[in-house]
Amino acid sequence: MDTSALAQGRFRARRAARGSVTEGAARAGLTARGVIYLLVGALALQIAFGDTGEQADRGGALAELAQQPFGAVLLWALGIGLVGMALWRLSEALFGSVGQDGRSARKRLLATVRFAFYVFVAYSVLSFATSRDQSGGSSDRQSRDATARALELPGGQWLVGAAGIAIVAAGGWIGVRAVLRKYHDKLRLGQMSHRTRQLVDVTGVAGGAARGLVFAVAGVFAVRAAVDYEPDRAKGLDDTLRSFADTPLGPWLLVCVAAGLVLFGVFSFAMARWRRV
């Protein structure tokens, strides 16, 4: 028997197995992300229409999910899905992602940052599932505390200001890519009907634009906190969303942004179904 052919067959089998596991982890993670955005958007809609009892952030979404039938099971499923998302991003950092430049240093670095982010998110969800206690507090308090600690560091104002500018830039990048429909490069468009593709574009463009706007506004608040040396000016997701209702457009701007986040949740489900991994 040809040993080189045998070794090559084993390599292909391992690569296929790894690809299957990675694909399952990616689709579970995208589904979990969709659930979180759906819940946050729904909570923001409640705030826009006068119900201010819940936090429109990840903690509020988890608390809402915990109140549902089989809430504990749903929380664990969500946490495991986010672990899958983190593992998928880790595989992209180690082995590269789909696309012509999937193995570039820039894409690997971006995958590493996403891996670290989803490790944190998965840990927070699983911790909540274990204790049902938001020990870290709301996203608003976390943002203020982190900003206060950063401002105390040497050059803290510059550090916080640079972070805020980076968040603004990230929000703009997210929004522009959504409007330009860059996500088409990652979707199996040939498997979609024309009608389905139109619906996915509605959720991808509107949802991505709303998500980018929220990031950008949160970054602006971080820059203001740095300039004024006031940690309380930094805002988490909940306060950022509420700030839209304080504009001249009133709660209707918040309604539009909240609806956009709901659409991004739906778009995440579409990505879980048709994304190339």
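These are my notes on helices H7 and H8 and on Thr240.

**Ground rules.** I am working on a predicted model, where local features need pLDDT of at least 70, side-chain atom pairs need pLDDT 80 or more, and totals for chains, interfaces and linings use all residues. I number residues from 1 along each chain as its sequence is written, and side-chain values use heavy atoms, with hydrogens and water left out.

**H7.** Just after H7, I found Tyr229 with a positive phi of about 55°.

**H7 against H8.** I checked the packing with H8, residues 237-244. The angle is about 100° and the axes lie 10 Å apart (lines fitted to C-alpha atoms over the stretch in contact, angles from 0 to 180 degrees between N-to-C directions). The two helices are therefore roughly perpendicular (65 to 115 degrees). From H7, I listed Leu213, Val214, Val217, Ala218 and Phe221; they meet Leu237, Thr240, Leu241, Ser243 and Phe244 of H8 (contact is heavy atoms within 4.5 Å). The residues of this contact are eight nonpolar, two polar and no charged.

**Thr240.** Is Thr240 buried or exposed? Thr240 counts as buried, because its relative accessibility is 0% (buried is under 20%, exposed over 50%, with a 1.4 Å probe, protein chains only). Its side chain reaches the backbone oxygen of Gly236 at 2.6 Å. Beyond neighbours within four places in sequence, Thr240 touches Val214, Val217, Ala218, Phe221 and Lys235.

How values were computed: Helices (H or I, at least four residues) and strands (E, at least two) are DSSP runs, numbered from the N terminus. The expected span of a helix is 1.5 Å times one less than its number of residues. Angles under 35 degrees count as roughly parallel, over 145 as roughly antiparallel, 65 to 115 as roughly perpendicular and the rest as oblique. Ala, Val, Leu, Ile, Met, Phe, Trp, Tyr, Cys and Pro count as nonpolar, Asp, Glu, Lys and Arg as charged, and the others, Gly among them, as polar. A polar contact is a pair of N or O atoms within 3.5 Å; within protein, one must be able to donate a hydrogen and the other to accept it, and residues adjacent in sequence count only if both atoms are side-chain atoms.
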